[in-house]
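Dear colleague,

Please find the structure we discussed below, handed over for your use.

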Amino acid sequence: MPDVNKYRDKFPQKNPDGTNIIDLESHKFIKVWQGPNHPGITGNMSLELILQGDEVMSCKTHVGYLHRGFEKLMERRKFIQCFPICVRVAVPEPDFNEYCLSATFEELAGIQIPEAAEWMRTLLLEMARLGSFLMWIGGQAGTFGQGIIGQWTIYARDLVLDRFEEISGGRIYHMHMTPGGVRGLTPEGFKGRMEETLKTIEDIMKDIKSTMFNNAVFKKRSVGLGYIDPSWVDPYGITGPNARAAGIAKDVRKDYPYLKYNELDFDVIVGKNSDAFTRADLRRQEILLSIDLIRQIMAKMPKSGEYMAKMPNVLHWKIPKGETYIRSECTRGEYGYYTVTDGSGYPRRINVRGPSYTHAVALMEKLAIDCNIADTAGLMVSLHTYPPEIER
Amino acid sequence: MSVKDVLSPFLAWKNLLKDPVSIKKPLERQAAPRYRGFHQNDMEKCIGCGTCEEICMNAAIDMVPVVGIETKNGDSGLRPQIDYGRCCWCALCVDICTTNSLTMSNQFQWIDSDPEVFRFVPGADKKYWDDEKLGYKKPLNYELYNTERVSMEELHPEDRDKSFIEIIKGYSKKQAIQEADRCVECGICIATCPAHMGIPSYIEAVRKDNMEEALRVLYETNPLPEICGRVCTHNCESVCAMQHKGDALSIRWLKRYIADQVHSEKYKKILGTEKLEKNDKKVAIVGAGPAGLSAAYYLSLLGYNVKVYEAFDKPGGMTRYGIPEYRLPYDQIDKDVNYIESLGVEFQYNTKVGEDINLEKLHEDFDAVFAGSGLHLGRSTRIKGSDHEKCYQAIDLLRDFTQGKEIDVQEKIVVIGGGNVAMDIARTLARLQNQKFGKVQLTLTSLESENIMPADIEEIIESREENVTIEAAWGPKEIKIKENQIVGLNVVKCLSVFDDEGRFNPQFNNNQKKFFGADMVVEAIGQGMDIDFMKDVELTQRHKVKVDDNFQSSIPWLFVGGDIVAGPDAISAIANGHKAAKGIDKFLNK
């Protein structure tokens, strides 16, 4: 048996600034491409890893496998034609795109949406958060070898999608928030079915707590993995649960309340240890918070009333010249749309600020170093990234 | 890490005792009632406006002809074909559909090995989900455009019942742009308009506040925008796609808005008619009505030397002598005519062809003649008593009034007729009664019941506002005369006006009678033409002048248009005046 530690002492050698000296010609390193087919089940992107043994010495992120040019496509579409496109920017939770896009158009056009539509949008956003986190938690468990959790949570997510289907007629791309309001309020008997769904999810979450979070394997692999120092939060533009797990109480819902969030009672959840386990546990608590918020929204939202503002003819709708940025708190952090209009019937520029851009590219390159190759997928998922929103 | 962390995961085994949550027969799963599944289209409701094609951001919809669907007024004859290789099921097509004919079923399973079949025409290509009731429909109170017309301000009945000031105030710029914004640019109106005016184009110009462009579009097909902008029969509005979910677009008022915005002095510059090259050919026009004016305008644009002979002392024809000034002020007629005159068209008034000058003379002096002499003869009911001196023809009274002659208005009047002329004379006489007696005692009675009355609905409403009593569905039987004075009109109930084949064949219930007291009766049941000046011209079976597609009559140099060929209405006259001008051009350049 070769003495592995002999080499480990020798390689990698360090630069004065602490970075690894990597010389591929030395044959002591191996370059591995992780992805684009499997970078940890978060979509199509690729990690160019240089390993020494099974440890990552260097990580370079590569995107571009999923570029469909949504932002550019929207510049060639009438304003009303944009909302079916924007949903594709973040497939598991399209509603934040619908909201931000519609809200920018409404702000620039000076349209005030009816109150029932605001409540409806708040409900849809929380449901989207719930559904998205449920999908994520299955992914996180899966990357650490716990396939069963994903089966449970996909079932739970399907129940949320059933509710989406009832409201909007679509399971994945809901397209329920159109510029001017929403396409309808909740159908008859929805509240009862929603409550039933929430109870089922609560039960599943209890099981997940005992099988995933109280689990020696999961703890062994996730505690201490991918530590994010609180001092990195601002320089790296880290938002959402990744920042909150580092103890920084950043939440757009609280900091810049939009829609009806200032009428809802909730506290921002923060963690301490800022590792993959803390982030996972924080997201588990976020699921419970979302359930609570949905209950509050269902209790407070009006049962009837106007849900669509009076719109000009959307076929030749022109929005006055202007620019605006609308943000919302999605599952991964601050989600924003920067929209510029030039007075024509088409948006001049739409820029999607997705949190995955900051988390999956620069941050991942930093966190992957010295991590075990078996943990890179888990690390990536713990940052909760969706490549489509990196590439837009 | 604790022992609990090792043992706790084994709790997952408890699921062994639970029933599986997966759907056993996923193909039988029913989608939600609002599910955005496969498209359905109600072929009868759909008008082929193509708005779905316009809004589809994937270009998944094409409008295609469909076997069994004919093109007709208000229906393009096309139907949407959807390509499921492109469709993203966003349902914008359903939301925007002007007739609510396009919907989605909640069905979502369709398996076929041939990719071509996924491009189909919903409703025409029969599918298993065609009769599915569930699925996405346009939500109530959810509109992507304004379905309500911008209301037009008009004089209050109390301010207008004695005067002849124009009732309609016209749109402001803001109102016009707001109204023009409602247009979905389907163009269904173009086919229906007799003149095929570029309606969506001039409405677009209104939206862009480009009045010069708008005027250019108007004059491409219609040289009388001030007249048509006020009194056009607006067939376009009756087929407007917007009327299916709300109010039709105010196309007529928008046309008026355009013409009102531009000063007549600018017309030549805007329309590029400052310098017209003239040829050496001459065309005579008989009658300065809409047909004659239209022919004169387009002929002069083509370089012909045009001279118009008019029997009365002013131009406009029936639009001046048949339409009261509260609907069409005379200065607006003058504005349209003055522009035509400024192009070099010569007008000779008080010259009745056939009396003051004969047609043969015109043939000698001119290369071609266009006759649009109009329907200036009244038609009598020929009932007993209709030959009484206080029984008048509406058309005569309207002409006399326009010419400033005294009308012997009586305290109680009955008007027979349900068309716009009947409304015109009723409202004119009501004003005169109001001026003379301070009250209105005027009954308008028509064969037609109110729902099929040929008069415009706004005429009926406004007449009532001006205290005209409307008695619909009565057939006149006799004008009652006592001591040589008219005392009233006997009527019987009219059960139906047309037979099953749509021919005029009124049926009466002679047992249901009524009597309308009156000192004066006015007949307004239609007009006849005086074409004695065209002696040898061939007529159709319906006693209209026979013309070909170029409005050329059986006499090659004689072209005929206006009410004596089609209509009666101004826009048809304008249209056939335009076509006749092209026909004359073709004839003279053979």
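**A pair of facing residues in chain B**

In this predicted model, Lys480(B) is placed opposite Gly488(B), a residue of β16(B). The strands concerned, β15(B) and β16 (residues 485–498) of chain B, run antiparallel and are joined by eight bridges. Both belong to an open sheet of three strands, ordered β15-β16-β17 (chain B), in which the pairing is antiparallel. The edges of this sheet are formed by β15 (474–482) and β17 (504–517) of chain B; each has a single partner strand, so one side of each is left without a neighbour in the sheet. On average, and with direction ignored, neighbouring strands of this sheet are turned by 25 degrees against each other.

**A covered helix in chain B**

Helix α11 (residues 251–261) of chain B is mostly covered, with nine of its 11 residues buried. Among these buried residues of α11(B) are Ile251(B), Trp253(B), Leu254(B) and Tyr257(B), and also Lys255(B), Arg252(B) and Arg256(B). Their cover includes several helices of chain B, namely α5 (173–180), α6 (188–192), α7 (199–207), α8 (211–221), α9 (225–231) and α10 (235–239).

**Chain A as a whole**

Chain A contains 15 helices and 10 strands. Its domain assignment gives domain 1 (4–62) and domain 2 (70–353), and the C-alpha centres of these two domains of chain A lie 35 Å apart. Along the principal axes, the C-alpha atoms of chain A fill a box of roughly 75 × 50 × 35 Å. The radius of gyration of chain A is 22 Å, which agrees with the value near 21 Å that a compact globule of 392 residues would have. Of the 392 residues of chain A, 52% count as buried. Among contacts in chain A between residues at least 6 apart in sequence, 70% join residues at least 24 apart.

**Where the chains meet**

The contact between the chains draws on 32 residues from chain A and 34 residues from chain B. On the side of chain A that touches chain B, the elements giving two or more residues are α3 (83–86), α6 (147–168), α7 (190–213) and α8 (216–222) of chain A. The largest share of that side, five residues, is supplied by α6(A). By class, the side of chain A that touches chain B consists of 13 nonpolar, 11 polar and eight charged residues.

With kind regards

Definitions and conventions
Residues are numbered from 1 along each chain as its sequence is written. Chains are lettered from A and ligands numbered from 1 in the order in which they are written. This is a predicted model: local features need pLDDT of at least 70, side-chain atom pairs count only at pLDDT 80 or more; totals for chains, interfaces and linings use all residues. A residue is buried if 20 or more other C-beta atoms lie within 10 Å of its own, exposed if 12 or fewer, and partly exposed in between; C-beta atoms are placed from the backbone. Helices (H or I, at least four residues) and strands (E, at least two) are DSSP runs, numbered from the N terminus. Two residues are in contact if their C-beta atoms, placed from the backbone, lie within 7 Å. Ala, Val, Leu, Ile, Met, Phe, Trp, Tyr, Cys and Pro count as nonpolar, Asp, Glu, Lys and Arg as charged, and the others, Gly among them, as polar. Domain bounds come from an automatic or database domain assignment. The radius of gyration is taken over C-alpha atoms; the globule rule is 2.2 Å times the number of residues to the power 0.38. Two strands pair if DSSP finds at least two bridges between them. Axes are lines fitted to C-alpha atoms, for helices over the stretch in contact, and angles run from 0 to 180 degrees between N-to-C directions.
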